[in-house]
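Q: Could you take me through the surroundings of the ligand in this model? I'd like a close look at that one part, in plain words.

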Amino acid sequence: MNIIVCKNYEEMSLRAAELLAEVVKSKPACVLGLATGSTPVGMYQNLIRMNKAGEISFKDVTTVNLDEYYPIDPENDQSYRYFMNVNLFDHVDIDKAKTSVPDGTAKDPEAEGRRYEALISALGGIDVQILGIGRNGHIGFNEPDASLVLDTHVTDLTPSTIEANSRFFASEKDVPRQALTMGIGSIFKAKKIILMVSGAEKKAAVSALLARRISTASPATMLNLHPDVTLVCTTDVVD
Ligand code: F6R
């Protein structure tokens, strides 16, 4: 695993944006796997700036997002579709028809999982996947469990994730109890993974990742088995 330790959130955001921009420049029709949450917001701001400055173009880029709450309407301002529009897609030259987020309105979430998995395979996999990490070590919404699901699926959120994500909602009871998420196998279809981590509250999850053991009790530890992972983090996560 490559590890890039940055002095603060701003530097982490810039370094991650530069890594993503390298992929877009070398392969303009690439497939980007994207994440939501507070961690990648600054990276998206850098990508918007680079796009406006003419340094990179998203014209031929296809994107697939890691996850979406279930059920949720895409117009809901807490949906991950809404997040992506507001934080990136509305500000760059991307063709929104080439952007995908799991459908939080699907009648049959299991069928939606299969559709999404087939989509990722049809795209030929993901060139670079951005990941954040939960305090409990989750990646996407693959929560700690006795076993982990390989493919895109519907999952129950753990009480710790509901509590962590309640900061974005009016109250904890408004947080959806389920989500559609890429599985560990879907994430591993990415040729390259960039894991972004900032904040001392993620320290335990990152220590587990760096302890060179794998355990489904901390799903991010699985990333030790992937051949091309770069951890871009702030000093407070590793000191
Ligand atoms: C988001 C996602 C989650 C987050 C994680 C960290 O699409 O899949 O795994 O990356 O919960 O969230 P933040 O960045 O808000 O700390």
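A: Here is a walk around the ligand, and then a look at one pair of aromatic rings. Keep in mind that this is a predicted model.

Let's start with where the ligand is: it sits in the largest pocket. There are 13 residues around it, and the ones that come nearest are Thr-39, Asp-67, His-138, Gly-140 and Lys-202.

Now zoom in on some polar contacts, which here means N or O atoms within 3.5 Å of each other. His-138 uses an N or O atom of its side chain, 2.7 Å from an oxygen atom of the ligand. Gly-140 does it with its backbone: an N or O atom there lies 2.8 Å from a ligand oxygen. Thr-36 has a polar side-chain atom 2.9 Å from an oxygen atom of the ligand. And how much of the ligand gets covered? On its own it would expose 400 Å², and the protein buries 94% of that.

Next, the rings. The model has 4 aromatic pairs. Tyr-69 belongs to strand β4 (residues 67-70), while Phe-141 is in the loop between β6 (126-131) and β7 (153-156), so the pair ties together parts that are 72 residues apart in sequence.

Technical notes
Residues numbered from 1 in each chain as written. Predicted model: local features only at pLDDT ≥ 70, side-chain atom pairs only at ≥ 80, totals over all residues. Heavy atoms only, no water. Near = heavy atom within 4 Å. Polar contact = N/O pair within 3.5 Å; in protein donor to acceptor, adjacent residues only side chain to side chain. Areas by Shrake-Rupley, 256 points an atom, 1.4 Å probe, with all protein chains shown as cover. 1 Å grid on protein atoms, 1.4 Å probe; cavity = no way out; pocket = protein on both sides within 12 Å on 5 of 7 lines; lining within 4 Å. Sits in = over half its atoms within 2 Å of the grid points. Phe/Tyr/Trp six-rings, centres within 6.5 Å; stacked < 30°, edge-to-face > 60°. Helix = DSSP H or I, 4+ residues; strand = E, 2+ residues; numbered from the N terminus.
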